[in-house]
Amino acid sequence: MRGKHAPRSTRWPIIILVIIAVILATIIYGASSRNRTTKNQTTVSKKTSHSSISSSSSVKSSSTSSLSQSSSSSDVKLKSAWNTTKNKQLSAFMSQWQTEMNQTYSGTYDGQKPDYYGISFPTALENGRLSGHIKFDNQNTTVEWSPNANSSAKNQVLAVAVGQTSSNGYNRILYLFIAQEKQPKVYVSQTTNGEDLYFTETQNTALKDGFSQIYNSN
């Protein structure tokens, strides 16, 4: 007979505690890992969102710039130095002005070919007949026929008008409507010297102002 109980083994409680500790460590590590993953995803999401906003802002900025350039381009197209519309406006103005002056004029703005003592315009400007024969304030001046103001010449002749200050067919007067370095000018001549034409800037305020307003309009 056994008179004493056998001593109880202490191994199993220790093993159980170790297993529990391992399980808890695994759970804690897994939770920590999930938290880090979530934080990383959140950071990436924020960066992506910020990048998208920046890209969107860039697109908007580019769009705004394009619109601005388009608007600027439209303004350039709308405001042309000289065109068909302005030519018609000059025709209407000259019709009124010559009535007030009690004179009669023929002009290139009406599709006519004004004749100044046998010199036909704009033909004489186009074929070079007047090359070297035009003087502004007694200075030899080069002018170029440019009804659309698309030349690079210093003096671009946009229109020509010839009128009479008397009823006998003499005493003719010649006007050149010019874009002079992109500024509107009206030059007048009532004299010739052989083949030379002598011009001065007109002192007729109404004529200067009328042409200037048309030239600078949209």
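**Exercise 1. State which residues form one aromatic cluster, and find the charge that lies over one of its rings.**

Trp 82, Phe 177, Phe 211 and Tyr 215 form one aromatic cluster, where rings of Phe, Tyr and Trp (its six-membered ring) pair if their centres lie within 6.5 Å. The model is a predicted one, in which local features need pLDDT of at least 70 and side-chain atom pairs count only at pLDDT 80 or more, while totals for chains, interfaces and linings use all residues. Residues are numbered from 1 along each chain as its sequence is written, and side-chain values use heavy atoms, with hydrogens and water left out.

A charge sits over a ring if NZ of Lys or CZ of Arg is within 6 Å of the ring centre and within 35 degrees of the ring normal.

**Exercise 2. Describe how helix H2 and helix H4 are arranged, and name the residues that make the contact.**

Begin with the axes, which are lines fitted to C-alpha atoms, for helices over the stretch in contact, with angles running from 0 to 180 degrees between N-to-C directions. The axes of H2 (residues 84-101) and H4 (residues 205-216) come within 10 Å and cross at roughly 160 degrees. H2 is therefore roughly antiparallel to H4, a term for angles over 145 degrees.

Next come the residues in contact (heavy atoms within 4.5 Å). On the side of H2 they are Lys 86, Gln 89, Leu 90, Phe 93, Met 94 and Trp 97, and on the side of H4 they are Ala 206, Leu 207, Gly 210, Phe 211, Ile 214 and Tyr 215.

**Exercise 3. Classify the pair of Trp 97 with Tyr 105 and the pair of Tyr 116 with Tyr 117.**

The structure holds 9 aromatic pairs, and planes under 30 degrees apart count as stacked, over 60 as edge-to-face and the rest as tilted. Trp 97 and Tyr 105 are 5.5 Å apart, centre to centre, with 50 degrees between the planes, and this pair is tilted. Tyr 116 and Tyr 117, at 4.8 Å centre to centre and 65 degrees between the planes, form an edge-to-face pair.

Then compare the surroundings, where buried means under 20% relative accessible area, exposed over 50%, and partly exposed in between (1.4 Å probe, protein chains only). Trp 97 and Tyr 105 are both buried. Tyr 116 counts as buried because its relative accessibility is 0%, whereas Tyr 117 is partly exposed, with a relative accessible area of 38%.

Finally, look at Tyr 117 itself, which is placed in the loop between strand E2 (115-116) and E3; helices (H or I, at least four residues) and strands (E, at least two) are DSSP runs, numbered from the N terminus. Phi of Tyr 117 is near 50 degrees, a positive value in a residue other than glycine, and the charged end of Arg 172 sits over its ring, 5.9 Å from the centre.

Methods: Angles under 35 degrees count as roughly parallel, over 145 as roughly antiparallel, 65 to 115 as roughly perpendicular and the rest as oblique.
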